[in-house]
Amino acid sequence: MARLKVAVLISGRGSNLQALIDACARPEFPAEIRLVISNDPAAAGLARASEAGIVTRVIPHKEFPDRAAFDGAIDQALAEAGIELVCLAGFMRILGEAFVTRWRDRLINIHPSLLPAFKGLHSHERVLAAGVRFTGCTVHFVRPAMDDGPIIVQAAVPVLPGDDAETLAARVLAAEHQAYPLALRWIAEGRVRVREDRVEVSGAGTMLPAAVLNPPG
Ligand code: GRF
């Protein structure tokens, strides 16, 4: 069976990119990363892609007069590579409505909280300030509003006494590295449908593995 052609958009460290690279390296995995795009030439994730033999493109947002032109350059790069699904993984630019609409239900993101709670930046600090007992991560289809859209996978982790933003981020990140490949696998297997702006996952085995609900760290 043909593997789903995926692009990953990054701006930084790229640990989620690495989790996706590692998943795609398994022979039976139904997706392949054809392209990694960064808006920042200094993104550490670019080296991870190169090491894995993946084509990289740097498209610096600063070189474009406006968002539409930047989005257009990304769109063109995706089209040239024959990309079928786009994964945002720590991509720190907001994509415009036209781009998001064009890629509707073919564009996914990972956010480090249990959406719709704690949208936006610095979620771990706000989780701690709110005193909630659980947080986690969410993989979702992208809609024009930030951190909004149908939820594909969530993984919960406890907030423990003594946590600071750093320890909590590390615990959530371990969950992210399991949740994102799982969401990609489900999509690539053709099991994910969006109906009335909610995700339905078909087929056996859609229960999350215990490792995702209770990640190490
Ligand atoms: C992750 O926490 C992700 O949820 C958020 O940005 C961070 C990116 O980390 N959107 P990395 O670059 O994948 O290591």
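This is a predicted model: local features need pLDDT of at least 70, side-chain atom pairs count only at pLDDT 80 or more; totals for chains, interfaces and linings use all residues.
Trainee: What makes the protein chain count as a compact globule?

Mentor: Set the value against the rule: a compact globule of 217 residues would have a radius of gyration near 17 Å, and the protein chain has 17 Å, so the two agree. The C-alpha trace spans about 50 × 40 × 40 Å along its principal axes.

Trainee: What is the chain built from, in helices and strands?

Mentor: Seven helices and nine strands. Of the contacts with a separation of 6 or more, 63% are between residues 24 or more positions apart. As for cover, 47% of the 217 residues are buried.

Trainee: And how much area does the protein chain expose?

Mentor: About 10,600 Å², with carbon and sulfur atoms supplying 54% of it. On the charge side, there are 23 positive and 24 negative charges, and their mean positions are 3 Å apart.

Trainee: Which domains does the assignment give?

Mentor: The domain assignment gives domain 1 as 1–103 and domain 2 as 109–217. The contact between them takes 23 residues from domain 1 and 17 residues from domain 2. Their C-alpha centres lie 20 Å apart.

Trainee: Why is helix H1 called mostly covered?

Mentor: Count the buried residues: eight of the ten residues in H1 (15–24) are buried. They are Ser15, Asn16, Leu17, Ala19, Leu20, Ile21, Ala23 and Cys24.

Trainee: What covers the buried residues of H1?

Mentor: Among the elements doing that are strands S1 (4–10), S2 (31–38), S4 (85–88) and S5 (107–111). The cover also includes helices H2 (45–51) and H6 (165–188).

Trainee: Why is Leu4 called buried?

Mentor: Buried means under 20% relative accessible area. Leu4 has 17% relative accessibility, so Leu4 counts as buried. Leu4 sits in strand S1.

Trainee: Which residues is Leu4 in contact with, beyond its neighbours in sequence?

Mentor: Leaving aside neighbours within four places, Leu4 is in contact with Pro30, Ala31, Glu32, Glu84, Leu85, Leu184, Ile187 and Ala188. There's also a C-alpha separation to look at: Leu4 and Ile33 are 29 residues apart along the chain, with 8.4 Å between their C-alpha atoms.

Trainee: Where is Ile59, and is it buried or exposed?

Mentor: Ile59 is in the loop between strand S3 (56–58) and helix H3 (67–80). Its relative accessible area is 5%, and the cut-off for buried is under 20%, so Ile59 is buried.

Trainee: What does Ile59 touch?

Mentor: Not counting residues up to four places away in sequence, Ile59 touches Ile37, Ser38, Asn39, Phe64, Phe70, Ala73, Ile74 and Ala77. Take Ile37 from that list: Ile59 and Ile37 are 22 residues apart in sequence, and 6.9 Å apart in space, C-alpha to C-alpha.

Trainee: What is noted about phi of His122?

Mentor: His122 has a positive phi of about 55° although it is not a glycine. His122 is also in the loop between S5 and H5.

Trainee: Why is His122 called exposed?

Mentor: Exposed means over 50%. His122 comes in at 56% relative accessibility, so it counts as exposed.

Trainee: And what about Asp147?

Mentor: Phi of Asp147 is near 55°, a positive value in a residue other than glycine. Asp147 is in the loop between strand S6 (134–141) and strand S7 (151–158). Its relative accessibility is 12%, and buried means under 20%, so Asp147 counts as buried.

Trainee: Last one. Why is Val201 called partly exposed?

Mentor: Partly exposed lies between the cut-offs, with buried under 20% and exposed over 50%. Val201 has a relative accessible area of 26%, so Val201 is partly exposed. Val201 belongs to strand S9 (residues 198–201). Val201 and Val153 are 48 residues apart in sequence and 9.8 Å apart in space, C-alpha to C-alpha.

Key: Residues are numbered from 1 along each chain as its sequence is written. Side-chain values use heavy atoms; hydrogens and water are left out. Helices (H or I, at least four residues) and strands (E, at least two) are DSSP runs, numbered from the N terminus. The radius of gyration is taken over C-alpha atoms; the globule rule is 2.2 Å times the number of residues to the power 0.38. Buried means under 20% relative accessible area, exposed over 50%, partly exposed in between (1.4 Å probe, protein chains only). Contact means heavy atoms within 4.5 Å. Accessible areas come from the Shrake-Rupley method with a 1.4 Å probe; for residues, only the protein chains shown count as cover. Lys and Arg count as positive and Asp and Glu as negative; His and the chain ends are not counted. The place of a charge is taken as NZ of Lys, CZ of Arg, CG of Asp or CD of Glu. Domain bounds come from an automatic or database domain assignment.
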